[in-house]
Amino acid sequence: MRWMILVLGLFVLGACTGKPSLDDEVLSDRQLNLEEFFDGRLTAYGQFQDVFGTVRRRFTVDIEGIWDGETLTLVEDFVYEDQSTERRVWTLTKTGPDSWQGTAPGVIGIAIGEEKGDTFNWQYTIDLPVPDGTLRVTFDDWMWLLSDDRLLNRAYMKRAGVDIGDVIITFEKER
């Protein structure tokens, strides 16, 4: 019984942790322009960490981004540490000066995003491929432009409304 109370307490505590906001203090004068940053070739390095802090999976991603003036297409080729692979193709459309929507295979409904200064917030629900099938999770992605060629992404993940971990990714734009 004590074990269950401890686990429940950790989940409640995890739900109370702070998350970024587009209203947070501006720390740089950089302006993220999603269609410019992701147009071209990029490499990303990332890992998934569960709510207890244990790193569960690492990966690299080769990305080809194509901006045609209306649509940003991102072809993402993942290679996981166990050598398994996955391809995800995102189709993003700019819906306003700072707003986006997008789709990809496995995404439930439409992903929505908003840019502000050097920050981008991207939210969606996806049936995520995992080694033993799929897992329906909700992502709350936060991206910050660190330099002209580097973007940091922290994605908070939930399943059925409960925090299950987060993903940290660094995107590096090829010059």
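User: How do you know which classes of residue make up the lining of the largest pocket?

Analyst: That lining has 29 nonpolar, one polar and six charged residues. Ala, Val, Leu, Ile, Met, Phe, Trp, Tyr, Cys and Pro count as nonpolar, Asp, Glu, Lys and Arg as charged, and the others, including Gly, as polar. Keep in mind that this is a predicted model: local features need pLDDT of at least 70 and side-chain atom pairs pLDDT 80 or more, while totals for chains, interfaces and linings use all residues. Numbering starts from 1 along each chain as its sequence is written, and side-chain values use heavy atoms, without hydrogens and water.

User: What makes it a pocket, and what is the volume of the largest pocket?

Analyst: On a 1 Å grid over the protein atoms alone, a pocket is an open set of points with protein on both sides within 12 Å along at least five of seven lines; lining residues have an atom within 4 Å of a point. The space filled by probe spheres set on the points is the volume, about 700 Å³ here. Of the 36 lining residues, Arg88, Leu128, Phe139, Met157 and Val167 are the closest to the centre.

User: Why are β3 and β4 called a pair?

Analyst: Two strands (DSSP runs of E, at least two residues) pair if DSSP finds at least two bridges between them. Nine bridges join β3 to β4, so they qualify, and they run antiparallel. One of the bridges links Thr71 to Thr93 in β4. Between these strands lies a hairpin with four residues, where Gln83 has a positive phi of about 75 degrees.

User: Which strands close into the barrel?

Analyst: Ten strands do, in the order β1-β2-β3-β4-β5-β6-β7-β8-β9-β10, with antiparallel pairing.

Methods: 1 Å grid on protein atoms, 1.4 Å probe; cavity = no way out; pocket = protein on both sides within 12 Å on 5 of 7 lines; lining within 4 Å.
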